[in-house]
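Please keep the sequence and the model in view while reading.

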Amino acid sequence: MSRPRTTPGAAPGAPRSAPRETRAAAPWTAFGGDLHLDLGERRAAGAGLRAALEDALREAVQDGRLAPGARLPSSRALGEDLGIARNTVVEAYGQLTAEGWLSSRQGSGTTVAERAAPRPAGPAVGVRAGHRPTGRHDLLAGRPDLSLFPRSAWLASARRALAVAPHEAFDYGSPLGRIELRRALADYLARVRGVRTDPDRLLVCAGFGQGLALLAAALRERGVERVAVETYGLPPQRDTLRAAGLGLAPLPLDCAGARTDLLAGAGAGAVLLTPAHQFPTGAALAAERRAAAVRWAREHDGYVIEDDYDGEFRYDRQPLGAMQALAPDRVVYGGTAAKSLAPGLRLAWLALPDELVEPVARLKASADTMSPVIDQLTFAELITSGRYDRHVRRCRLHYRRRRDLLVAALADRAPHVRVTGIAAGLHAVLELPPGSLPEPELMDRARAAGLVLTGLGWYLADRELAPDAPPALVVGYATPTDRAFPAALDALCGVLRTA
């Protein structure tokens, strides 16, 4: 006769398992705390379920109910709490992670991303301090759409690069960078930008900012005391030059670019230019002004520093070759993957004249020995495999569509605004007519509308050089994701209509 089966240690006749209330909770039920979100009002206003969830989560982060670092419920738990499909929550979490509101790590769940607290002084202060300001609509110039990063291609290139890399690649190496990347860059730059260099004159650095700091120190060693800069440019670059002990001589700008014909009277030993696409005004440096800069460098034993920050992205004009090809012995060419791939990679390069290779490499070795190897090997493979070219072409089409949407929206909803600097690059300058709001007041309204961007005045080296400049905004149309871009356009047009 068979006996009833019991749980070990239990008295005969005890239930085979504990009541439902006392069972151990499934792991997902304890992952993240409860979260109150009211989707009803948003659904009533016509928002889709996923959009309503995303809006509710953004608002919870913005008003402080969800603090930086707070852990969110798992997608399954939140889905059950709200009575919606788990996939809807997964997609919403994914979108907000791409926008930077949330952070997700394998095995650690989803948390609220660490974000800088808003500052009363506005976006320009945050940018200068190295921290991106926060807001609902990120239109700050200088960044690509990070959701376009080619993860699959990068992973495939990393696997291939690691499989074939020699053992010595992982040892301390040349401060110039891995030879695989320098060879790939020399071929790529010659083909795409017309740069005349070879691997032994290329140096890989951690962003153009580091490259400029190394150059500034090397030039100071060679007796340079003053650098000419464009009237409008990036304040952090001017800060870098000053930190090296160099004085600045602003060069006026017009629709043909920097007034390089004035270099002889600037008392400078070098000049920093953005000839392919002046940042931020968007002008291309005219051929005669390129020639004038090279002539000045030869006659005065000076150097031209060419910042080719977004040379791959042009739309309505033939591509402009690098200025470096006119005088490889006098022009330092600087390029970066920050716009084509992502700034977080910290991959940039300098094509140096022969006499600057040794001092800049020595300073690089003192700064950080060398740039990280694995990313260099991966980028080299990405280039040589053709994946990088394909990625850049896809991005070029994507950003052109973005630009066209911006131009069309402004023509329809803010026709009084003049849009300039859009033949190339990832940003536009929006100029308002005389009699509009002063730029500081315009920026206040933009911040109140949740827009993160800068006024053109922030880039000005000396306000006395442009006392009558009209109010203008610098808009990075590449930065938002596709899903976030329409709302950003709506907010931008709303501000401009009343300006």
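Which residues does leucine 347 touch, not counting residues up to four places away in sequence?

## Leucine 347 and its surroundings

Leucine 347 touches Trp154, Leu181, Val204, Cys205, Gly207, Thr336, Ala337, Ala338, Asp375, Gln376 and Phe379 when residues up to four places away in sequence are left out; contact here means heavy atoms within 4.5 Å. This is a predicted model, in which local features need pLDDT of at least 70 and side-chain atom pairs count only at pLDDT 80 or more, while totals for chains, interfaces and linings use all residues. Residues are numbered from 1 along each chain as its sequence is written, and side-chain values use heavy atoms, with hydrogens and water left out.

Leucine 347 is found in the loop between β11 and β12 (348–351), where helices (H or I, at least four residues) and strands (E, at least two) are DSSP runs numbered from the N terminus. Leucine 347 counts as buried because its relative accessibility is 4%; buried means under 20% relative accessible area, exposed over 50%, and partly exposed in between, for a 1.4 Å probe and protein chains only. One of the residues it touches is Cys205, and the C-alpha atoms of leucine 347 and cysteine 205 are separated by 6.2 Å although the two are 142 residues apart along the chain.

## Two arginines

Arginine 178 lies in the loop between α6 (151–164) and α7 (179–192), and it counts as buried because its relative accessibility is 10%. Its side chain makes a polar contact of 3.3 Å with the side chain of glutamate 168; such a contact is a pair of N or O atoms within 3.5 Å, and within protein one must be able to donate a hydrogen and the other to accept it, with residues adjacent in sequence counting only if both atoms are side-chain atoms. Beyond its neighbours within four places in sequence, arginine 178 is in contact with Pro166, Glu168, Ala169, Val373, Gln376 and Leu377.

Arginine 76, by contrast, is found in helix α3 (residues 75–82) and is partly exposed, with a relative accessible area of 35%. From C-alpha to C-alpha, arginine 76 and asparagine 87 are 8.5 Å apart in space and eleven residues apart in sequence.

## Strand pairing

Strands of a sheet pair through backbone hydrogen bonds, either parallel or antiparallel. Two strands are taken to pair if DSSP finds at least two bridges between them. Strand β9 (residues 270–273) and β10 pair in the parallel sense over four bridges, and valine 271 stands opposite valine 304 in β10. Five of the five residues of strand β10 (residues 303–307) are buried, so this strand is largely enclosed by the rest of the structure. Tyr303, Ile305 and Asp307 point one way from β10, whereas Val304 and Glu306 point the other way.

Strand β1 (residues 102–105) and strand β2 (residues 109–112) pair in the antiparallel sense over four bridges, with serine 103 opposite threonine 111 in β2. The two strands form a hairpin with three residues between them, and glycine 107 in the turn has a positive phi of about 85 degrees.

## Enclosed space

The structure holds five cavities of 30 Å³ or more. On a 1 Å grid over the protein atoms alone, a cavity is a set of points where a 1.4 Å probe fits but cannot get out, and lining residues have an atom within 4 Å of a point; grid points are joined across faces, edges and corners, and a volume is the space filled by probe spheres set on the points.

About 60 Å³ of space lies in the largest cavity, whose lining includes Arg193, His277, Asp310 and Arg314. The second largest cavity holds about 50 Å³, and its lining includes Tyr188, Arg193, Tyr333 and Trp349. β11 (331–336) gives the most to this second lining, with three residues.

## Backbone geometry

Most residues other than glycine have a negative phi, and most peptide bonds are trans. Aspartate 301 has a positive phi, near 55 degrees; it lies in the loop between α10 and β10 and counts as exposed because its relative accessibility is 53%. A cis peptide bond joins phenylalanine 279 and proline 280, with omega about 10 degrees.

Definitions and conventions:
1 Å grid on protein atoms, 1.4 Å probe; cavity = no way out; pocket = protein on both sides within 12 Å on 5 of 7 lines; lining within 4 Å.
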